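I opened my notebook for this one with a few things to look up. Here is what I wanted to know, entry by entry.

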Amino acid sequence: NITYSSEYRFLISVGFDFDVLVWNPYVANLILRLSDHGCSLCGAEIIPDTPILVTADVEGNFKVWDVRNWKLNQTFKAEEKQVGQLKGFCALASTKSVVAVGRSMHVFDYEKIEMPEFSDEFPLCSALYNPTTSTFITCSNKYVKIWDAGDGKIIKVYRNLSDSDITAMCLDFRERKFILGDHDGSLHCYDFLNGADMKEFAYDEMDGKAHLDEITK
C-alpha cells in the first residue's frame, strides 16, 4: 500500500515487513523508518488537508501519526472477533473515523474529543500565556485559539491564518500581537484582539518569504 502527501511531499509505503517506510520522491534513499508495529502491515493513509497519517497491521492494530514530527499520537485495536484478520481500511476525514475491513466491517473513531469546548482538534505546536489579557493562546494546523485562563473555555478562534501548517508562535513585548511562522517559511504578525494580519515579513532574497524553509522557533 502506498500513500502520498502533496503538502508535506512524503511518500509512505507499507507491506509484509513490519515497518512503515517514509520516502521523499526527490531523493533516492529512504529517509525514515517507523517501527512501532509488530506484524505485517496492510494499509496506510494520509488524511487529506491534515498532518495525520493512519497505519494498520493484519492483527488490527491502528496507529495515528503526526507527519510534521513523526510523533505517534494514538494507538487503538480492532479486536479479532470484530473484523477477523484485518485486510484493509479507509479513513473518513469528515467524520474522523476509520472503516476497517476483514471478515466483517467495523467503524472506529480515530480522533474523538471528549470535551470539545476545552480541547483542540489537532496536536498543538505552541501554547503561550498572556498575562495582559489573562488568556492562553494556542496554535495548531492553520488555527489559532484564545482561551480564558479562568474557566478554560474558548474565547476566540482565528481560522486559516496560514497557507501551510503553523510551526512556531510568539507574542510581542507588549503582548498585544502574536507572530506566526509556518511550514513554508512565511512569517506574519497579527493583532491579538481581532486576528487582523498587520505585517508580513518578506524578503526578495528569500523568494518573497521570511525563510526559505520551515520556521521552527
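My entries follow, from the whole chain down to single residues.

**Entry 1: the whole chain**

I started by noting that this is a predicted model. I counted one helix and 19 strands in the protein chain. I then looked up the overall extent, and the C-alpha atoms fill a box of roughly 60 × 45 × 25 Å along the principal axes. Of the 217 residues in the protein chain, 45% are buried. I also checked how far apart in sequence the contacting residues are. Taking contacts between residues at least 6 apart in sequence, I found that 34% join residues at least 24 apart.

**Entry 2: the nonpolar cores**

Which residues have the most contacts inside the largest nonpolar core? I noted Val-54, Ala-56, Phe-62, Phe-76, Leu-86, Phe-89 and Val-98, in a core of 15 residues. Next I looked up which elements give two or more residues to this core, and they are strand E6 (52–57), strand E7 (61–66), strand E9 (88–92) and strand E10 (97–101). E6 gives the most, with three residues.

A second, separate core has 14 residues, and I wrote down that Ile-12, Val-22, Ile-46 and Trp-65 are included in it.

I went back to Phe-89 to see what it touches. Setting aside neighbours within four places in sequence, I found Phe-89 in contact with Gly-43, Ala-44, Glu-45, Val-54, Thr-55, Ala-56, Phe-62, Val-98, Val-99 and Ala-100.

Is Asp-57 buried or exposed? Asp-57 is found in strand E6, and its relative accessible area is 1%, under the 20% cut-off, so I put it down as buried. I then looked for what its side chain reaches, and found the backbone nitrogen of Glu-59 at 3.0 Å. Beyond neighbours within four places in sequence, Asp-57 is in contact with His-37, Gly-38, Cys-39, Ser-40, Leu-41, Cys-42 and Leu-86.

Leaving out neighbours within four places in sequence, I listed Pro-51, Lys-71, Asn-73 and Pro-123 as the contacts of Asp-66.

**Entry 3: empty space**

Rolling a probe the size of a water molecule over the atoms shows where empty space is left. How many cavities of 30 Å³ or more does a search of the whole structure find? I got one, and about 40 Å³ of space lies in the largest cavity. I noted its lining as Leu-161, Ser-162, Ile-166, Leu-180, Gly-181, Asp-182, Ser-186, His-188 and Tyr-190. Strand E17 (177–182) and strand E18 (187–191) each supply at least two residues of that lining, and E17 gives the most, with three residues. By class, I have four nonpolar, four polar and one charged.

I then turned to the largest pocket, which holds about 300 Å³ of space. It is lined by 13 residues, and Glu-7, Tyr-8, His-183, Asp-184 and Asp-213 lie nearest its centre. I sorted the pocket lining into five nonpolar, one polar and seven charged residues.

Most residues other than glycine have a negative phi.

Ser-134 has a phi near 55 degrees. Its place is in the loop between strand E12 (126–130) and strand E13 (135–140). Its relative accessibility is 37%, so I count Ser-134 as partly exposed. Apart from neighbours within four places in sequence, Ser-134 is in contact with Tyr-129, Trp-147, Asp-148 and Ala-149. For one of these, Ala-149, I noted the spacing: Ser-134 and Ala-149 are 15 residues apart in sequence and 5.6 Å apart in space, C-alpha to C-alpha.

Glu-175 has a phi near 60 degrees. I located Glu-175 in the loop between strand E16 (166–171) and E17. At 22% relative accessibility, Glu-175 counts as partly exposed.

Note on methods
Residues numbered from 1 in each chain as written. Predicted model: local features only at pLDDT ≥ 70, side-chain atom pairs only at ≥ 80, totals over all residues. Heavy atoms only, no water. Core = buried A, V, L, I, M, F, W, Y, C linked by side-chain atoms within 4.5 Å. Buried < 20%, exposed > 50% of the residue type's maximum accessible area, 1.4 Å probe, protein only. Helix = DSSP H or I, 4+ residues; strand = E, 2+ residues; numbered from the N terminus. Contact = heavy atoms within 4.5 Å. Polar contact = N/O pair within 3.5 Å; in protein donor to acceptor, adjacent residues only side chain to side chain. 1 Å grid on protein atoms, 1.4 Å probe; cavity = no way out; pocket = protein on both sides within 12 Å on 5 of 7 lines; lining within 4 Å. Points joined across faces, edges and corners; volume = space filled by probe spheres on them. Nonpolar A, V, L, I, M, F, W, Y, C, P; charged D, E, K, R; others polar.
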